[in-house]
Amino acid sequence: MTWQLFQFPLCPFSRKVRLLLGEKSVGYELVRESPWEQRDEFQDLNPACETPVMVEVGSKTVLIDSQVICEYFEETVEKSPMISGTAANRAEIRRLVSWFDVQMFRDVTGPLLNERMRKRIIYRASPDANALRDAMRKADQHLDYIDYLLDHRRWLAGPTLSLADLAAAAHLSVADYLGGINWQSHEQTKQWYAGLKSRPSFRPLLSEKMEIIAAPPHYDKVDF
């Protein structure tokens, strides 16, 4: 199968999908999409005009929504299961994925993207300093929660790497790119994240940049 993934570099949901595809060694072609442009061709694929969208070129299969895409490949590719274990284990993985995709995006990733990317690229406007401070304060609270999870488990949802780790790392990577993460006092989370950054599935994300928005010097370094 030949898959195309419609995404833009700082889409955390696309990054989650890319990490899972990397862990499962699924090949695909990246298609750069700026959803705020609302291209007719992209709206035909997804009327909500949101990334990510995956298209299988041969069969014209269209997969919409990051969790739907991840579940599809979890069901169809046996290698490196990312939602595994008992029913309770799988429920915990899905709970944490939802936590990062909903709460962390609402509190941290979404506001940072709005202030430091959308305002700059779309509106040519300056960020709101109060909104940035609030997002960074809430980021610290989310790091506290990840510290807590790692105090009790080897990985976020249990003894093995799972989609929960990939989802959290996807959001953290975007927030870190946008300068919204203070790693001080979060050594537990920092070491966990450094381990994920060193995985082959993560390296392509760290090398991809968003135009006119520079990442901090430590962003693509495993030892940071």
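The lining of the largest pocket divides into 12 nonpolar, 7 polar and 5 charged residues. Here Ala, Val, Leu, Ile, Met, Phe, Trp, Tyr, Cys and Pro count as nonpolar, Asp, Glu, Lys and Arg as charged, and the others, Gly among them, as polar. This is a predicted model, in which local features need pLDDT of at least 70 and side-chain atom pairs pLDDT 80 or more, while totals for chains, interfaces and linings use all residues. Residues are numbered from 1 along each chain as its sequence is written, and side-chain values use heavy atoms, leaving out hydrogens and water.

**The pocket lining**
- H4 (87-121) gives the largest share of the lining of the largest pocket, 8 residues.
- H1, H3 and H4 each supply at least two residues of that lining; helices are DSSP runs of H or I with at least four residues, and strands are runs of E with at least two, numbered from the N terminus.

- Strand S1 (residues 3-7) and strand S2 (residues 29-32) run parallel, joined by 4 bridges (pairing takes at least two DSSP bridges).
- Within this pair, Leu 5 stands opposite Leu 30 in S2.

**Glu 71**
- Helix H3 (residues 66-76) is where Glu 71 sits.
- Glu 71 counts as buried because its relative accessibility is 18% (buried means under 20%, exposed over 50%, partly exposed in between, with a 1.4 Å probe and protein chains only).
- Leaving aside residues up to four places away in sequence, Glu 71 touches Ile 83 and Arg 94 (contact means heavy atoms within 4.5 Å).
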